[in-house]
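Hi,

Here is the model I promised to pass on.

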Amino acid sequence: MPVTYGPEYSRPDLPVPLVPLSGVPVVVRRALAWPAPERAPAATVGWAVLTAGLALAATFTPHPALSAATWLTAGFVVARVVALRQLSRAQCRFEPAWLAAQTRVLRGHGFDILRCTVGGRVCDLTRAGDVAALTRAAPGAEVVLEFGYRPAAGDRVTVERVRRTRAELEIRHAAFPPDSGRVRFPEASYVIGASGRVTVWALAGRVLLTPAVAAPLRPDPAAARA
């Protein structure tokens, strides 16, 4: 299974890791894909231009050193082209598996709710009365949830806002309720953004909300019959 970022790193813009390699391939990648995978093709073009310049110089000024430099740089360019093609194929095979694994982490992670509104009114998830009112809200009532995540370790909390109808919101009580309520997105997913090196997330589908109050006690059937 691909190594993923831990749940504490759940955020929209995760850097897409390079395909894991071990042993000699790591050294080869560093040498042949320098300075970075996204800039390596342009660097290869630069090496090819240098090789052409050396070949031209060796043609007009024959010298063993120029000939040797030309052959060395030409071999290096060919090796870069082959290595980059292989690394690109390996990366293309790795990324879908990594995205699937990171998506599973995201779907299982709960975010602390900072604010909840139902039909434009604030719902305090630490109050049993407000949670009961949310439970009884009409299926078409709009629920707005604001939750926080940290863009990076030590950064200030960033607020994300999602909107759902009450029918798309599933309320699940926990045996040990969280302090302020928690939200989870069991149908969310990660995709790779336009840059190709950073993810974005799609918080689509139903939402699981865990309020900060215990489940209401059911009446004792024996007491009701008494």
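Is Glu-146 buried or exposed? Glu-146 is buried, because its relative accessible area is 16%; buried here means under 20% relative accessible area, exposed means over 50%, and partly exposed is in between (1.4 Å probe, protein chains only).

Before the rest, a word on how to read this. This is a predicted model, so local features need pLDDT of at least 70 and side-chain atom pairs count only at pLDDT 80 or more, while totals for chains, interfaces and linings use all residues. Residues are numbered from 1 along each chain as its sequence is written, and side-chain values use heavy atoms, with hydrogens and water left out.

**The overall picture**

The chain has five helices and nine strands. Helices (H or I, at least four residues) and strands (E, at least two) are DSSP runs, numbered from the N terminus. Going along the sequence, the order is α-α-α-β-β-α-β-β-β-β-β-β-β-α. Of the 226 residues in the chain, 35% are buried. The chain exposes about 13600 Å², and carbon and sulfur atoms supply 62% of that; accessible areas come from the Shrake-Rupley method with a 1.4 Å probe, and for residues only the protein chains shown count as cover. Among contacts (heavy atoms within 4.5 Å) with a separation of 6 or more, 71% are between residues 24 or more positions apart.

**Around β3**

Back to Glu-146. Its side chain meets that of Arg-161 in a salt bridge, 3.4 Å from N to O. Glu-146 lies in strand β3 and Arg-161 in strand β4, so the pair ties together parts that are 15 residues apart in sequence. Arg-161 is partly exposed, with a relative accessible area of 47%. For the record, a salt bridge is a side-chain nitrogen of Lys or Arg within 4 Å of a carboxyl oxygen of Asp or Glu.

Strand β3 (residues 142-149) is mostly covered, with seven of its eight residues buried. β3 is joined to β4 by eight bridges, and the two run antiparallel; two strands pair if DSSP finds at least two bridges between them. In that pairing, Val-144 stands opposite Arg-163 in β4. β3 also has five bridges to strand β1 (residues 111-118), again antiparallel, and there Val-118 stands opposite Val-143 in β3.

β4 (residues 158-165) also holds Val-159, which counts as partly exposed because its relative accessibility is 44%. Together with Leu-114 and Val-157, Val-159 makes a nonpolar surface patch of about 250 Å². Patches are made of residues with over 30% relative accessible area and no salt bridge; like charges are joined within 9 Å, and nonpolar side chains (Val, Leu, Ile, Met, Phe, Trp, Tyr) within 5 Å.

**β7, β8 and Thr-199**

β7 and β8 form a hairpin with six residues between them, and Gly-196 in the turn has a positive phi of about 85°. Four bridges join these antiparallel strands, with Tyr-190 opposite Trp-201 in β8.

Thr-199 lies in β8 (residues 199-202). Thr-199 is buried, at a relative accessible area of 1%. What does Thr-199 touch, not counting residues up to four places away in sequence? Its contacts include Pro-12, Trp-98, Tyr-190 and Gly-193. With Pro-12 there is also a polar contact: the backbone oxygen of Pro-12 lies 2.8 Å from a polar atom of the Thr-199 side chain. (A polar contact is a pair of N or O atoms within 3.5 Å; within protein, one must be able to donate a hydrogen and the other to accept it, and residues adjacent in sequence count only if both atoms are side-chain atoms.)

**Other salt bridges**

How many salt bridges turn up in a search of the whole structure? The search finds eight. One of them is between the side chains of Glu-95 and Arg-197, at 3.7 Å from N to O. Glu-95 sits in helix α3 (residues 64-108) and Arg-197 in the loop between β7 (189-192) and β8, so this pair links distant parts of the chain, 102 residues apart. Glu-95 is buried, with a relative accessible area of 14%, whereas Arg-197 is partly exposed at 22%.

Arg-172 forms a salt bridge with Glu-170, the closest N and O atoms being 2.7 Å apart. Arg-172 is partly exposed, with a relative accessible area of 39%, and Glu-170 is partly exposed at 29%. Salt bridges that share partners join Glu-170, Arg-172, Glu-187 and Arg-206 into one network.

Cheers
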